[in-house]
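The following note sets out points on the chain displayed below.

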Amino acid sequence: MLLTLFLFFLSAAVIYFACEFFVNGVEWVGHRFHLGATATGTVLAAFGTALPESAVTFMAVVFGETPEQKDIGVGAAMGGPLVLATLAYAVVGVALWRARRGQRSGQTLQANCINADQRRLARDQAWFMGIFIFKVGLGLLAFAWKPWLGILFLATYGLYIKRELSHDEERTDSEDLEPLKLRPRDEDPSMFWAATQTILALVVIAGASHVFVNQIEVLGVAMGASPHVAALLLAPVATELPEIMNALIWVRQGKERLALANISGAMMIQATIPSALGIFMTPWLLDAPLLAAGLFTMLSIGLLWLRFRRSVMSVPALSAVGGFYALFAAYLGWHFYA
């Protein structure tokens, strides 16, 4: 158990420091592609950090030999969006609150504001809601040609990427970027160095995430957790750690626009790619805990969408969505252990 705890904390630390290199590199890659902060976060950063959780789903549904192993993949596909829609956004809210709590009382209203394109984030939540409702609805039905519908999810993500890039009007100024960590004295590093640092960081994140997930599973078994609990509560928290780490780093740097865009883009990936894998390779029939995960995800997304659409999202409201995850955890504990 001591070795498990040591590897748990060590891998978490490695993920954090690798994310430092990743966010620094991906910002320079976005600059080289002439992308703005929102597109860099929703497309480049989100795709890179979504690899660990997509890999968990892929390995479980493709190579899983038992129904329980395949359940882990389906649970990860449902648990990932839940973690992002609740804990990840809440982490940004709490980090913003901590970063701004030293401001004077007369600046409280300004300190509670979210500095991001809230209308654009609202559109992302609307896209996610439509896809997520469709995917949960499929989990209630059984028919022969259901696996073919996985293609729709992949096509939808491709359409989302096209929309993000075509509507990207802002541009990242190199003066706003920190020096590339691999080339700290180079004021204008080339795409080669930016891409090299980003890819190397991703490799380290993927390896450390694999170790982290394994330790989470061992701890889950030690606590007597069932495969469903590990799939819905433990594995998604572990695999979403890179997004959460990225968000913390960007908030610390005063770049909440990138932090929120990264989570928003990762949610779109989680709503499509892991879902497509699950629909392709499993019956995709959702039981009560999985449906509950979908319900709490939708409650959180509904609140986020309403606040972003009206451009009234605040730091306290963003922090509060973490409560939906606590409610789901309480429900899951009651369902399995009552």
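**Note on the predicted model**

1. The chain contains 14 helices and zero strands, where helices (H or I, at least four residues) and strands (E, at least two) are DSSP runs numbered from the N terminus. Along the sequence the pattern reads α-α-α-α-α-α-α-α-α-α-α-α-α-α. This is a predicted model, in which local features need pLDDT of at least 70 and side-chain atom pairs count only at pLDDT 80 or more, while totals for chains, interfaces and linings use all residues. Residues are numbered from 1 along each chain as its sequence is written, and side-chain values use heavy atoms, with hydrogens and water left out.

2. Of the chain's 338 residues, 53% count as buried; buried means under 20% relative accessible area, exposed over 50%, and partly exposed in between (1.4 Å probe, protein chains only). Among contacts (heavy atoms within 4.5 Å) with a separation of 6 or more, 85% are between residues 24 or more positions apart.

3. The largest nonpolar core has 83 residues, and V92, L318 and F328 touch the most other members. Such a core is a set of buried Ala, Val, Leu, Ile, Met, Phe, Trp, Tyr and Cys residues joined through side-chain atoms within 4.5 Å. Helix α4 (residues 67-100) gives the most to this core, with 13 residues. Another core, of five residues, lies apart from it and includes W28, L177, L180 and A194.

4. Which residues does F328 touch, not counting residues up to four places away in sequence? Its partners are L82, L232, L233, P289, A292, A293 and F296.

5. T86 also belongs to helix α4. T86 counts as buried because its relative accessibility is 0%. A polar atom of the T86 side chain lies 2.5 Å from the backbone oxygen of L82. Leaving out residues up to four places away in sequence, T86 touches S300, V321, G322, F324 and Y325.

6. Helix α11 (residues 256-281) has 26 residues, which at 1.5 Å a residue should span 38 Å; its end C-alpha atoms are 37 Å apart, in agreement. The expected span is 1.5 Å times one less than the number of residues. Helix α11 is mostly covered, with 22 of its 26 residues buried.

7. W284, in the loop between α11 and α12 (288-309), has a positive phi of about 50 degrees although it is not a glycine. S311, in the loop between α12 and α13 (315-320), has a phi near 55 degrees, again a positive value in a residue other than glycine. Is each buried or partly exposed? W284 counts as buried because its relative accessibility is 1%, whereas S311 is partly exposed, with a relative accessible area of 38%.

8. G294 is found in helix α12 and is buried, with a relative accessible area of 5%. G294 and F132 are 162 residues apart in sequence, yet their C-alpha atoms are 8.0 Å apart in space. Not counting residues up to four places away in sequence, G294 touches M78 and F132.

Technical notes. Polar contact = N/O pair within 3.5 Å; in protein donor to acceptor, adjacent residues only side chain to side chain.
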